[in-house]
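Give the cut-offs behind each term as it comes up.

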Amino acid sequence: MKATNERRLGISAKRLSMIISLFAVLGLASCQQKGPAEKTGEKLDRSVENAEQKIEQGTEKAESKLDDVKESIIEKTEASGQYIDDSVITLKIKTAILNEPSLKVSQIKVTTADGVVQLSGTVDSQQSIDKAIEMAQSQDGVKSVQSDLTVNTAGN
């Protein structure tokens with residue numbers, strides 16, 4: 001009887017060991033499954049990553065457009081500055097011609113583009129042409145002077 005009880009105890013211990021092992025395996029298997037909280041957390045993480053990527057792309061596009069705008073402003077400012085410089089040169093030359101008694105301002109047209117002065121019109125003599133060119137060349141900012149001035153022979 002003692003052997004039978006020991007045998008039963010041995011079988012019960014084995015069964016108990018198997019049941020414990022089975023519960024352990026089932027417990028571990030259920031731990032590996034993701035619950036709703038874990039799935040929601042993963043979705044949230046993916047959404048955050050996507051948002052970060054889109055923000056980064058938007059930032060890059062905005063920076064690129066900002067660089068384009070900066071370039072455009074710089075170009076327009078430089079062009080405006082050159083226009084103002086050319087206008088000042090033209091004004092100085094016209095003033096110098098007006099203050100010169102031997103030249104008549106109404107007969108000489110002055111235009112300036114990028115520091116290049118263009119004189120056109122008619123004057124009384126070759127000396128007037130030379131004087132107008134000399135006055136234009138003496139102004140600050142003048143790179144060169146092109147003359148289309150002619151001597152009015154009909155008035156002589």
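Helices (H or I, at least four residues) and strands (E, at least two) are taken here as DSSP runs, numbered from the N terminus. The model is a predicted one, in which local features need pLDDT of at least 70, side-chain atom pairs count only at pLDDT 80 or more, and totals for chains, interfaces and linings use all residues. Residues are numbered from 1 along each chain as its sequence is written, and side-chain values use heavy atoms, with hydrogens and water left out.

The protein has three helices and three strands, and their order along the sequence is α-α-β-β-α-β. Of its 156 residues, 17% count as buried; buried means under 20% relative accessible area, exposed over 50%, and partly exposed in between, with a 1.4 Å probe and protein chains only. The areas come from the Shrake-Rupley method with that 1.4 Å probe, and for residues only the protein chains shown count as cover.

Helix α2 covers residues 36-99 and contains glutamate 75. Glutamate 75 belongs to a negative surface patch, together with Asp45, Glu49, Glu52, Glu56, Glu60, Glu63, Asp67, Asp68 and Glu71. Patches are made of residues with over 30% relative accessible area and no salt bridge, with like charges joined within 9 Å and nonpolar side chains (Val, Leu, Ile, Met, Phe, Trp, Tyr) within 5 Å. A salt bridge is a side-chain nitrogen of Lys or Arg within 4 Å of a carboxyl oxygen of Asp or Glu. Lys and Arg count as positive and Asp and Glu as negative, while His and the chain ends are not counted; each charge is placed at NZ of Lys, CZ of Arg, CG of Asp or CD of Glu.

Aspartate 85 is also in helix α2. Aspartate 85 counts as partly exposed because its relative accessibility is 43%. Its C-alpha atom is separated by 7.7 Å from that of glycine 141, 56 residues apart along the chain.

Strand β1 (residues 108-113) holds threonine 112, which counts as buried because its relative accessibility is 15%. The side chains of threonine 112 and threonine 90 are joined by a polar contact of 2.6 Å. Such a contact is a pair of N or O atoms within 3.5 Å; within protein, one must be able to donate a hydrogen and the other to accept it, and residues adjacent in sequence count only if both atoms are side-chain atoms.

Aspartate 114 lies in the loop between β1 and β2 (116-123). Its phi is near 55°, a positive value in a residue other than glycine.

Valine 151 is in strand β3 (residues 144-151). Between valine 151 and glutamine 127 the C-alpha to C-alpha distance is 9.5 Å, at 24 residues apart in sequence.
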